[in-house]
Amino acid sequence: MIRHAPSPLIVAVLLALAFPSDPAQAQLARTYVSSVIGSDANNCDRLTPCRTFQRAHDTTLPSGEITVLDPGGYGAVAITKNISIINDGVGEAGVLVSGGGIGILINAGAADAVSLRGLTIKGIGYGGGNGIYFNSGKSLSVEHCAIRNLTGDAANGLGYGIKFLVWAGSSSLTVSNTLVADNGFIGIAAYPLGSGTTAQVLLNHVALSNNDYGLKLDTTPGTGTIKATVKDSVAAGNNRGFHVEGSATASLMLIHSVATNNGYGVYATGPDTPPVVRIGRSTLTGNAIGWYVFGAVLRSYGDNRIDGNGDGGMPPLTIVKK
Amino acid sequence: MTRVTASQIVIAALALAFQVAPAQAQLARTYVSSVIGSDANNCDRLTPCRTFQRAHDNTLPSGEITVLDPGGYGAVTIAKNVSIINDGVGEAGVLVSGGGNGITINAASTDAVSLRGLTLKGIGYGGGSGIMFNHGKSLTVENCAIRNMTSMGAFDTGYGLWFAPGGASSLTVSNTLIADNDFDGILVTPLGSGSVGVVLNRVASYNNFAGLYVIGSNGTGSLIVTVKRSVLARNVLGVDVYSAPGAAATSLMLVRSVVANNSTGIVALSATVRIGRSTVTGNVIGWDSLGGTLLSYGDNRIDGNGVDGLPPITIVKK
């Protein structure tokens, strides 16, 4: 006669089915990734780190941090909360981008600050892609990163190093000590969309090299505002170094910076009321055209070096320092 | 039959006397590791500790704590001359919650304290502050990042770095980022009659209430602040310098710096602010002198604000 009491084996099978492959794990304030001992089956703590940024992100509490333990590739990640991804010098923490995808996508809440430190993002072709794509959030801070070789163009909307969109309210982008180079379309682009939106942009010690556009600030997709400051930065070898497009609500203060070997060093254009570019203690040299404005205003503090460009370097209108 | 010797009894008695936590000699250099560290260790190179606090307690005065590998090392209260050094091994982190401070400094008035390469982040859950300095000869903060400190509404938490020395003291912050805090990025409020000096060099302070808030009115000494090659952006107040008649004589020199996209860029109240080769732009109000004195070397860019503010009084370079 067969008894029907469950055997230990059956209990084990039932338990396994109840918790199939991905047991619900408590989120941690700090998670870790390792390319050596990491596994996405882990809970991402120090001794059992995860393998990918995405798994670590999903296992991190809001306002928490992901700490990189060792050099490696950690894969693309979509960020949906306040979080920091921190590589503080353990070696390269890399993300390769292809297939028209995005290295780091930010779809965070309106109060969420996101920061990325010490990451290397590189496009490898195979359909191209974008490096960092900011869709929503309070702020994005990019520090000590390198973003390169994203392929694409205006036609397919790819080839951005950093694409910063503001759909509502005000959001801020801060990039410091970072290299953005060899991208098919735009190194760093900011677009406030719709109306009443503001993109606040600050570049500090940023190099924009060999892109189609180095920096593009553009309010024409909507009627929003851009308030940008660029200091101690370099645009070199781009078709357009520093590009501002839109209306009087777009402004750029460019100080202690260099634009060299670009098609246009500084290019500003406005379809209606003119955007304003101010430059101080900066150098425009070796560009085909040093600076060009069409329906825009460029003001110099009279302390810039604008020489050695193909167009002879007309002196811009000056404003007085105070 | 086995005889038990007297010496064996002595050894057993000694073992009992030191069984749980043997008193350990303090070391001039201690180590922390998040991999092999344990606070039951003596914190030497091969048997490191797990937390900053245990390492601090086991470090001789004037000694150093060396970080061995990336990880979180917990909050620490510093009570002596000590350096905590992460020189690029990866993130050395401290998460802050429960209304506490990441690093509290209650050192003696002859003690120099230095912090290098640390990342402090607030995670909510009651909020807190990054660094709280109460007492000591000096504090040096280098290559650090301090973010996201939250407040529960009271003015006791939510600061990136709060420097409130009870006596003469100095603060130096360099190559450091302070952002996204509910209240001030850096708050300076000396309490005593001593002289206090502050230097910021290559500091970025953004998305805070005040980027830098200097309050001399709680003390009666002197308060002299220099800010160089720094950025104060997108705060409600970029730089606010405040004192009161009869309180500490308070002045701030801002050079080669950028004050951008704040609600108000620079505020001076019963204090003197001098600015040179700096840029004030994108603020709703560029600067506002509320009974204070704003002096310019005539080489600043103060444009593109909603209201630039009255042209400041110029002083001559020498």
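# Exercises on the contact between chain B and chain A

Between chain B and chain A, 29 residue pairs are in polar contact, both residues having pLDDT 80 or more; a polar contact is a pair of N or O atoms within 3.5 Å, where within protein one must be able to donate a hydrogen and the other to accept it, and residues adjacent in sequence count only if both atoms are side-chain atoms. The model is predicted: local features need pLDDT of at least 70, side-chain atom pairs count only at pLDDT 80 or more, and totals for chains, interfaces and linings use all residues. Residues are numbered from 1 along each chain as its sequence is written, chains are lettered from A and ligands numbered from 1 in the order in which they are written, and side-chain values use heavy atoms, with hydrogens and water left out.

**Exercise 1.** Describe the interface of chain B and chain A.

*Solution.* Step 1: chain B contributes 50 residues and chain A 51 residues to the contact, where contact means heavy atoms within 4.5 Å. Step 2: the buried area is about 3900 Å², and carbon and sulfur atoms give 47% of this; buried area is the accessible area (1.4 Å probe) that two parts lose on being put together, summed over both. Step 3: seven salt bridges cross the interface, each a side-chain nitrogen of Lys or Arg within 4 Å of a carboxyl oxygen of Asp or Glu. Step 4: in a salt bridge, Asp232(A) meets Arg229(B) at 3.7 Å, N to O.

**Exercise 2.** Is Ser141(A) buried or exposed, and which residues does Ser141(A) touch?

*Solution.* Step 1: Ser141(A) belongs to strand β11 (residues 139-143) of chain A; strands (E, at least two residues) are DSSP runs, numbered from the N terminus. Step 2: Ser141(A) is buried because its relative accessibility is 3%, buried meaning under 20% relative accessible area (1.4 Å probe, protein chains only). Step 3: leaving out residues up to four places away in sequence, Ser141(A) touches residues including Val114(A), Thr174(A), Arg147(B) and Leu177(B). Step 4: the side chains of Ser141(A) and Tyr206(B) make a polar contact of 2.7 Å.

**Exercise 3.** Which strands of chain B pair with β21(B)?

*Solution.* Step 1: β18 (residues 222-228) pairs with β21 (residues 249-255) in the parallel sense over seven bridges; strands pair if DSSP finds at least two bridges between them. Step 2: Ile224(B) has Ser251(B) as its bridge partner in β21(B). Step 3: β21(B) also runs parallel to β24 (residues 272-276) of chain B, joined by five bridges. Step 4: Thr272(B) in β24(B) stands opposite Ser251(B).

Note on methods
Helices (H or I, at least four residues) and strands (E, at least two) are DSSP runs, numbered from the N terminus. Buried means under 20% relative accessible area, exposed over 50%, partly exposed in between (1.4 Å probe, protein chains only).
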